[in-house]
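Here is a short briefing to read alongside the model.

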Amino acid sequence: MKYPKPLSDLSHELSLLPGIGPKLALRLAFFISQRGEEKNLSLIEALRNLKNIKKCSQCNALSENDPCEICSDPSRNSEILCVVSDVRDLWKIESTKSYSGRYFVLNSLIIPLEGIDPEKAGMTKLFTLISTKKPKEIIIAFDFSIEGQTTSLYIKERLSTQRDQLGYMPQLTRLAIGLSMGDNLNNTDEFTISQAILHRQKM
């Protein structure tokens, strides 16, 4: 069956989004076409406003301003730098209101099998920032995955080899690993329990 061209065009654009196959794209396109002009104008306006989003030239976060609100905030602690691999992780940490330092958002974790080497991941810009700002502590806030571990080890080793060039050695920390609030030991996998024991804390 041949669908009306506007519906086919919208379905095609939606199918290019991650996680949306052709069938779901067509269903969404049909839903949008039935919502009414006023609601769709709001959607169009929201999409158009995305052009105002840009990457912060200092930390790579997405923002309407450059530098972003965090980098331009003089009250933030410049002695602590939190490195994340996705700007959504930055927003998640900010939502906890438990961190007041600076951030750096990598382009990606290092994934050699996908051709993402340290430079594509954004290491040159990260180490330029470290060399310039000289934070006393660098917090690694990556997912606890093979890629996260690989990227963490790369940063650790590069900091060590460039110690003389940097002129100092910052304290390198990472987010705690182990049980989450509300976890039940009976329903927790052995690896998570072993990490919780390994990284146990004094009471």
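Leu43, Leu47, Leu50, Ile53, Leu62 and Trp91 make a nonpolar surface patch of about 550 Å². Patches here take residues with over 30% relative accessible area and no salt bridge, joining nonpolar side chains (Val, Leu, Ile, Met, Phe, Trp, Tyr) within 5 Å and like charges within 9 Å; a salt bridge is a side-chain nitrogen of Lys or Arg within 4 Å of a carboxyl oxygen of Asp or Glu. Areas come from the Shrake-Rupley method with a 1.4 Å probe, and for residues only the protein chains shown count as cover. This is a predicted model, where local features need pLDDT of at least 70, side-chain atom pairs count only at pLDDT 80 or more, and totals for chains, interfaces and linings use all residues. Residues are numbered from 1 along each chain as its sequence is written, and side-chain values use heavy atoms, leaving out hydrogens and water.

- Leu50 is in the loop between helix H3 (37-49) and strand S1 (54-55); helices (H or I, at least four residues) and strands (E, at least two) are DSSP runs, numbered from the N terminus.
- Leu50 is exposed, at 52% relative accessible area (buried is under 20%, exposed over 50%, partly exposed in between; 1.4 Å probe, protein chains only).

**The annotated region**
- An unreviewed UniProt entry lists residues 56-71 as "zinc finger region: C4-type"; positions use the numbering here, feature names are shortened, and annotations may be inferred rather than shown by experiment.
- Residues 56-71 are 0% helix and 12% strand, with the end C-alpha atoms 8 Å apart.

**Backbone points to check**
- Most residues other than glycine have a negative phi, and most peptide bonds are trans.
- Asp66 and Pro67 are joined by a cis peptide bond, with omega about 5°.
- Lys97 has a positive phi near 55° and is exposed, at 76% relative accessibility.
- Lys134 has a positive phi near 50° and is partly exposed, at 38%.

**Rings**
- The whole structure holds two aromatic pairs (Phe, Tyr or six-membered Trp ring centres within 6.5 Å; planes under 30 degrees apart are stacked, over 60 edge-to-face, the rest tilted).
- Tyr99 and Tyr103 pair edge-to-face, 5.1 Å centre to centre with 65° between the planes.
- Tyr99 is buried at 14% relative accessibility, and Tyr103 is buried at 3%.
- Phe144 and Phe191 are stacked, 5.7 Å centre to centre with 25° between the planes, and link parts of the chain 47 residues apart.
- The charged end of Arg158 sits over the ring of Phe127, 4.4 Å from its centre (NZ of Lys or CZ of Arg within 6 Å of the ring centre and within 35 degrees of the ring normal).
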